[in-house]
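Subject: Structure handover

Hello,

Here is the structure you will be working with. Please open it beside this email and follow along.

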Amino acid sequence: MKRINKILAANRSEIAIRVFRASEESGIRTAAIYSKEDRFALHRFKTDESYLVGVGKGPIQAYLDIDSIIDIAIKANVDAIHPGYGFLSESPEFAQACQDNKIEFIGPNVDTLRKLGNKTEAKKIAEDAGIQIIKSITVPKKFDINSLQSATEKIGYPLIIKASWGGGGRGMRVVHNESELINKVVDAISESKKAFGKEDVFIEKYLEDVAHIEVQILGDKHGNIVHLFERDCSIQRRHQKIIERAPASFLDTKTREKLCNAAIIIAKKSNYVSAGTVEFLVDKKTKDYYFIEVNPRIQVEHTVTEEITGIDIVKAQIKIAEGKKIGEDISLPSQDNIKIDGHAIQCRITTEDPANDFMPDYGKIITYRSASGFGIRLDGATATAGSVVTPFYDSLLVKVTSWASNVNDCRRRMDRALREFRIRGVKTNLVFLESIINHEKFINSKYNTRFVDEDDTLFKFKPKKDR
């Protein structure tokens, strides 16, 4: 059994703070890294130590500088590194560098990251396990236009292009006809390279009336795997999630069991260790489900799962990294002791203008008043009056999560919380989130992944209070 004494969060903002809090509650010291552009960022002041990373690199590249991060970790004498989400969280090269320097990587092992970090390889694992997948083709690094068009015709339009590595909707492009194909492939490759440092993309059939469901899993170093049930992540804009809920209120018990069992099978086939999510598309009419990918890391939306299970997922990751078994620690309950308690919804408040194609906004926050009260949780890092939102990073300002014993009370509590917020100085999506929470389709769980893209009434919503 290995005791971790100090953890470095190889990330920034909200997720770095999340790691620090779980570490401190576990009696573990913490260290942060920050780019030059993040020298005033809150996360560097929420830790025991902080270090400038990637000197001379850009704001994104600084957090992708493996050599610099490892040097800092050695200098700071840390025992473990938590990669958070995004950046290097799914990088087998980073995990290998940690291993080579005898630093615990709080996440899956190198081999698992190589298998599952590549979505195409992950599909092969699922298919071999007898789990239904969506047909796809890999785009060669030097692709021939005619051959690519011929291959996609066999799948049939509409199609969706996805980055083989990473997540967060980066690199995704929906293709409706042949004339759009090449330009969107090129755009997807470019965005994938910028976001993940890799140019690999693949193309698959785009299913139009489906829900995006993901199952949270935890695996220890002794071969034990448990699931923490599922989340519904279908409310998306530009293929990026903005509202998540747990459990999926439209799922029946039989389908839930099938999805969770499928997730366990894939995790065991992959020798999975630490926290991760197994993602599916579920046909809302037939309840047929299709494996799409595994995210081998913590997810932005993990809060809703924590709220309905009472399990601190980041703390569980730390216990697993120390070698503890599932079932022997209060942070790592056995499957029989994991139950669904109530309902949770998470809304991502972002500095974006929904009326202008969700264009990111930045500047100084003049006024900031947040929500509070029973059943409301806030996770953020830049949300204070006087804080400056920069153009360098993701537009996420704060995550607000509501919990209640039933789905209707949970939705009403979220509606109340959103109306309590007052943010001035930068544009936000607050009113847009209100419009979704109050929409008949959301109330009755009658939406799919295309809801935001296709329902214009969301942009005409009039809030109950003046913004």
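Is the crossing of α1 and α10 left-handed or right-handed? The crossing is right-handed, a term used when the near helix is turned clockwise from the far one by less than a right angle, with anticlockwise being left-handed.

Before the rest, some ground rules. This is a predicted model, in which local features need pLDDT of at least 70 and side-chain atom pairs count only at pLDDT 80 or more, while totals for chains, interfaces and linings use all residues. Residues are numbered from 1 along each chain as its sequence is written, and side-chain values use heavy atoms, with hydrogens and water left out.

Helix pairs

Helix α1 covers residues 13–25 and helix α10 covers residues 313–321; helices (H or I, at least four residues) and strands (E, at least two) are DSSP runs numbered from the N terminus. Their axes are 9 Å apart and the angle is about 60 degrees. Axes are lines fitted to C-alpha atoms over the stretch in contact, and angles run from 0 to 180 degrees between N-to-C directions. The α1 and α10 pair is therefore oblique (under 35 degrees is roughly parallel, over 145 roughly antiparallel, 65 to 115 roughly perpendicular, the rest oblique). In α1, Arg-18, Val-19, Ala-22, Ser-23 and Glu-25 meet Ile-313, Val-314, Lys-315 and Ile-318 of α10, where contact means heavy atoms within 4.5 Å. These residues divide into 5 nonpolar, 1 polar and 3 charged (Ala, Val, Leu, Ile, Met, Phe, Trp, Tyr, Cys and Pro are nonpolar, Asp, Glu, Lys and Arg charged, the others, Gly among them, polar).

Helices α3 (residues 92–100) and α4 (residues 110–117) pack at about 180 degrees, with axes 9 Å apart, and are therefore roughly antiparallel. Pro-92, Ala-95, Gln-96 and Gln-99 of α3 touch Val-110, Leu-113 and Arg-114 of α4.

A cavity is a set of points on a 1 Å grid over the protein atoms alone where a 1.4 Å probe fits but cannot get out; a pocket is an open set with protein on both sides within 12 Å along at least five of seven lines, and lining residues have an atom within 4 Å of a point. There are 2 cavities of 30 Å³ or more. A volume is the space filled by probe spheres set on the points, which are joined across faces, edges and corners. The second largest cavity has about 40 Å³, and its lining includes His-82, Phe-105 and Gln-317.

The second largest pocket holds about 380 Å³ and has 19 lining residues.
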